[in-house]
Amino acid sequence: MNVFVLNCGSSSLKFQIIKTGDDLMEKNEDITLCKGLVERIGGPAMVSIKVNDKTVLDTEPVLHDHTQAIKYIIDWIVSGEVSIPGIKSLADINAVGHRTVHGAEDFNSSVMITDEVIASLEANVELAPLHNPANIMGIRAAIEVFGHDMPQVAVFDTAFHSTMPPENYLYAIPYELYKKYKIRKYGFHGTSHRYVAERWREITGHNVEETNVITLHLGNGASMDCIKNGKSFDTSMGFTPLEGLVMGTRCGDIDPSVLEFIMKKENLDVAGAIKILNKDSGVKGVSGLTNDFRDLEGAMHDNPRAMLALNMFAQRIKKYIGSYMAQLNGTKALIFTGGIGENSITMRQMIMENLEQMGIIFDSEKNKNFKRGVECLLSADNSPIAVYIIPTNEELVIARDTFCIISGIPCM
Ligand code: ADP
């Protein structure tokens, strides 16, 4: 089955066409036929498409909305200008899988998209005002381009975390506020945490019940997951992605009173103060430089605030490792993923330093010699706890879930 995987933002979209199926999934041989990105939808847009990681299209058409953007991509793909194996016409695309951010308490797994599902997503817009409207727009656009008969599946960032127990998902605020407004921890990046934990299981031959691991998805948005018996037991992001780790531009955990204080002192409304915490904070806010870890690492030896920002990022992660190990009574493995987790030798080293007493013996040489994009073990042979890099692949999970839901077989 060829699945068109779609990840819509408010003015951008990312897509991949992935060939998957029982046999391919079993051998881990699913094939990405092509992938691409459309930015600045709403005017002169930027479209780039890659086949086998080679750019085959790089152009700037005017695209007014997501429907036009999807139509533009599909028309180009079936035009035959560059041959994409197995894709000659629209009929060669068998399903659409949507990355959908917030399923609230309504969805604890991926689902076939129906009118009722769209209505539920709309009802939950309040919980994810930045993301769900874009996801709904993407779903409607895909219906317009592919027609009502095309099966479409929603895969939620929050679904994996639906197994958290109430003592971990509730905030210690009046219970009625949870009941009335669904104020609780939802967690995000679930597709990524789920994928890397599942891969760890496959690589090491453990069963689901033995899957007690801590996953670290470290990208511009960053979160950690405490996985107990193969299920999400606790996670660092919360009601929104603002909670938890120090991130590229988000502050992570903070005393909520700071919000009121900033509002008073800077004469801001709530939205203005929250914007500071979401967009101007994190390593960017602390360093005063950038949220790009490559640049911060380049500057850290000359610029004390770049060093401070990176230390704060690493220290917050250590705190979460400690707390999750206490929740799990140890852990079998720590798994790094995401742009920083997969690529930053310096940050992995900073996080993993001085954890020997906790049973983590990190091998700096293995860390330095890691191969980009490849699953590898970074802990010493005598380390009681293993440390891995497992590159994430959220699009693959979306394609596989789409296949499984349509075929009526359980998702992994
Ligand atoms: P998101 O998907 O949340 O936007 P990514 O997972 O793509 O983020 O990660 C982006 C981050 O990864 C950026 O901060 C970038 O600097 C960092 N990154 C990518 N490659 C490297 C590298 N070689 N060294 C350090 N940081 C890197």
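Predicted model: local features only at pLDDT ≥ 70, side-chain atom pairs only at ≥ 80, totals over all residues.
The domain assignment divides the protein into domain 1, spanning residues 2-156, and domain 2, spanning residues 206-389. The centres of domain 1 and domain 2, taken over C-alpha atoms, are separated by 29 Å.

For N220, a polar backbone atom is found 3.1 Å from a ligand oxygen; for F293, a backbone N or O atom lies at 3.0 Å from an oxygen atom of the ligand; and for G339, the distance between a polar backbone atom and a ligand oxygen is 2.8 Å. Taken alone, the ligand exposes 580 Å², and 69% of that area is buried by the protein.

Side chains of opposite charge can pair when their charged atoms come close. Across the whole structure, 16 salt bridges are found. One of them joins K71 and D75, with an N to O distance of 3.0 Å. Both residues belong to helix α2 (residues 66-78), where, being four residues apart, K71 and D75 are separated by about one helical turn. K71 is partly exposed, at 43% relative accessibility, and D75 is likewise partly exposed, at 39%.

R199 is buried, with a relative accessible area of 12%, whereas E202 is partly exposed, with a value of 41%. Together with E375, R199 and E202 are linked in a network of salt bridges.

A further salt bridge connects K185 and E243, with the closest N and O atoms 3.3 Å apart. K185 is located in the loop between α6 (175-181) and α7 (190-204), and E243 in the loop between β13 (231-235) and α8 (257-266); the pair therefore ties together parts that are 58 residues apart in sequence. Within this pair, K185 counts as buried, at 7% relative accessibility, while E243 counts as partly exposed, at 21%.

Key: Residues numbered from 1 in each chain as written. Heavy atoms only, no water. Polar contact = N/O pair within 3.5 Å; in protein donor to acceptor, adjacent residues only side chain to side chain. Areas by Shrake-Rupley, 256 points an atom, 1.4 Å probe, with all protein chains shown as cover. Domains from an automatic or database assignment. Salt bridge = Lys/Arg side-chain N within 4 Å of Asp/Glu carboxyl O. Helix = DSSP H or I, 4+ residues; strand = E, 2+ residues; numbered from the N terminus. Buried < 20%, exposed > 50% of the residue type's maximum accessible area, 1.4 Å probe, protein only.
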